[in-house]
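User: I have a model open and want a quick tour. Can you take my questions as they come?

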Amino acid sequence: MAAQALSYDISGDAPIEVRDSPALDAIATIEKLKAEAAALAKTGDWRASVDKYDEVVKACDASGAIVAADFEAERVKERCYLQCLCNRSLCYYKLQEYEKAKELAQTAIDAHAKSRVVDDSGLAKCLFRRGQASLGLKDSRSAVDSIAEAIRIEEAQLAKGAPINDATMKAMQRELLRARHAAKADAKAASSKLKAQMGGFLKAGSKTLGDPKKERRELAATKIDCALKYVLEKGDKAKDDERIAPNYDKMIGDLVAARHEACSAKDTSNELGLTFAEGFVAFVASAPEADAGPDAEKYYARCADAIQSYWHLREELARTTADESELAPPCGIGDVAALECCAHSLMQLRRAGQARPFFEAYVEKADQAGPLMAYHNLPDSFLLQRGLPKMSDPDRRVSRWKHRAHAPRALFDGRTALCAICSEAGDIEDAIAHAEAALGHAAEDDEKLTAHKNMAFVLRKRADADGSSTKDEDLERAAAHENHAAAVEEAMKAKGEKVDEKTNRVEGSAAEDAFAGGPFASGSSEVQSVNADDDVMAEEVSAEDGGADE
């Protein structure tokens with residue numbers, strides 16, 4: 001065996017022996033590969049550069065156990081990892097492979113949400129890359145939302161006195177302007193197309209084209225009802241033969257065109273409502289009842305993007321709009337159901353960190369409101385006798401959806417998701433609180449079994465923590481929950497019921513893998529700053545590139 005190379009630090013009073021460090025060797029390899037990738041990017045060889053960045057990412061993944069023992073080395077590795085994830089998106093953007101660029105930018109955003117390294121400027125760059133890719137895909141509205149959010153983060157950094165890269169900020173502002181011009185052009189084109197389609201009305205004798213605002217409201221309501229009608233009638237044998245699957249892609253396209261038109265006409269209320277309708281229809285389209293198949297993930301992504309844009313736009317409009325009804329989701333769907341859709345879409349996309357605030361807002365509002373009356377099951381004569389208005393079929397479908405979103409099963413799913421997210425994030429006290437709340441909502445045996453097992457797991461996790469002051473009590477409580485779970489499991493088997501050992505279990509899985517709840521789940525009631533020289537994005541190449549690329 002070769003002797004280990006030794007060196008000595010003689011800067012102090014006495015020489016200190018310095019030995020090679022496997023962690024530092026791993027970091028040196030990672031940084032060498034990263035420098036090679038950056039050099040390739042400088043020459044414009046984007047294909048070779050992205051291949052090299054892939055090597056860096058793999059090297060970072062492989063070095064996890066080696067650098068874990070060295071705090072500083074681990075942080076350096078994480079920073080390199082986050083930068084390279086974002087830079088891969090840049091490479092594909094330069095190669096005009098915009099779908100791949102957007103996908104990798106989202107991967108980088110998700111990694112920032114989970115990372116222990118806080119790098120807001122790095123996150124802003126990832127959002128910027130997603131916006132550029134969206135613009136390349138002709139999705140100008142999504143581009144505006146992503147780039148505007150990137151600029152907001154950078155401005156917040158500047159307000160705190162943190163250093164930011166001026167070239168990057170200027171590039172973001174330039175791209176935001178370009179995206180807004182594109183959004184206006186898209187809206188104008190959509191408006192012209194609509195007018196051309198409606199031009200025959202005047203020739204047929206109509207003196208007016210009607211009220212465009214009213215037509216936009218009606219379009220959102222019609223598409224939402226069409227989507228709900230199809231999935232809520234699933235399993236109705238009397239209607240199954242007559243069910244015709246909607247063309248969800250066309251429905252979403254119609255809503256996007258109308259949203260662009262509303263944006264061009266400064267019809268902000270309908271722009272908001274149509275943005276929500278786009279996301280809601282996409283969410284319903286992801287359901288097994290909608291026969292989504294392999295397209296489910298595409299619809300989840302569409303829903304998450306649209307409904308996050310809805311909440312962002314709603315926050316902006318709330319500053320100038322006093323009428324709360326103009327901000328609420330269309331068709332009276334309500335905030336509870338709207339939050340639930342976004343939370344579950346993000347969870348299904350394995351973006352647990354982003355899903356968490358939506359789940360938290362969802363369970364808070366749903367708990368405050370409590371269960372809803374199932375008015376949709378009551379005949380009009382019963383409603384009228386009690387001074388309530390009649391309900392149309394679309395109203396009954398919306399009521400059914402809202403009722404499900406407020407039901408104990410839906411809250412059980414929401415609390416279980418939060419338990420999984422918090423447990424994985426290390427927020428064990430919050431995880432226990434959500435597990436206890438989930439147990440309180442559990443009604444069916446499968447829910448009780450899951451809730452007891454999750455309670456036992458998070459209690460044992462707290463007991464295993466160093467310096468736990470409640471270890472004995474936690475272990476005792478965990479054992480009691482395990483006994484309850486065993487009793488429920490035996491009772492289920494005695495009744496011939498199948499025991500699911502995976503779904504919604506917190507133990508042994510990432511949060512996104514553990515959680516499979518939601519409106520369409522089986523059993524649901526229903527349906528630090530980085531040196532510029534180290535970052536390939538730190539300097540601007542040219543105005544035409546629209547980005548802060550090295």
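This is a predicted model: local features need pLDDT of at least 70, side-chain atom pairs count only at pLDDT 80 or more; totals for chains, interfaces and linings use all residues.

User: How many helices and strands are in the protein chain?

Analyst: The protein chain has 23 helices and two strands. Helices (H or I, at least four residues) and strands (E, at least two) are DSSP runs, numbered from the N terminus.

User: What share of the residues is buried?

Analyst: Of the 550 residues in the protein chain, 48% are buried. Buried means under 20% relative accessible area, exposed over 50%, and partly exposed in between (1.4 Å probe, protein chains only).

User: What about helix 13, and how many of its residues are buried?

Analyst: Helix 13 covers residues 268-285. Buried residues number 16 of its 18, so helix 13 is largely enclosed by the rest of the structure. Its first and last C-alpha atoms are 26 Å apart, close to the 26 Å expected at 1.5 Å a residue. That expected span is 1.5 Å times one less than the number of residues.

User: And helix 16, what follows it?

Analyst: Gly370 does, with a positive phi near 75 degrees. Helix 16 itself (residues 352-369) has its end C-alpha atoms 25 Å apart, which agrees with the 26 Å that its 18 residues should span. Its buried residues include Phe358, Phe359 and Tyr362.

User: Switching to rings. How many aromatic pairs are there?

Analyst: A search of the whole structure finds eight aromatic pairs. Rings of Phe, Tyr and Trp (its six-membered ring) pair if their centres lie within 6.5 Å; planes under 30 degrees apart count as stacked, over 60 as edge-to-face and the rest as tilted. One of the pairs is Tyr93 with Tyr98, tilted, at 5.7 Å centre to centre and 55 degrees between the planes.

User: Is Tyr93 buried or exposed?

Analyst: Tyr93 is buried, at 12% relative accessible area. Tyr98 is partly exposed, at 21%.

User: What kind of pair do Tyr248 and Tyr299 make?

Analyst: Their ring centres are 6.3 Å apart and their planes lie at 65 degrees, so the pair is edge-to-face. The pair links distant parts of the chain, with Tyr248 in helix 12 (residues 248-264) and Tyr299 in helix 14 (residues 296-317), 51 residues apart. Both Tyr248 and Tyr299 are buried.

User: Which residues form the aromatic cluster?

Analyst: Phe276, Phe280, Phe283, Tyr300, Tyr310, Trp311 and Trp401 form one cluster. Arg404 lies over the face of Trp401, 4.6 Å from the ring centre. A charge sits over a ring if NZ of Lys or CZ of Arg is within 6 Å of the ring centre and within 35 degrees of the ring normal.

User: Which ring does Arg386 sit over?

Analyst: The ring of Phe382, with the charged end of Arg386 3.5 Å from its centre.

User: Last topic, Ser115. Where is it?

Analyst: Ser115 lies in the loop between helix 5 (98-114) and helix 6 (120-136). Ser115 counts as buried, at 16% relative accessibility.

User: What does the Ser115 side chain make a polar contact with?

Analyst: The side chain of Glu78, at 2.7 Å. A polar contact is a pair of N or O atoms within 3.5 Å; within protein, one must be able to donate a hydrogen and the other to accept it, and residues adjacent in sequence count only if both atoms are side-chain atoms.

Key. Residues are numbered from 1 along each chain as its sequence is written. Side-chain values use heavy atoms; hydrogens and water are left out.
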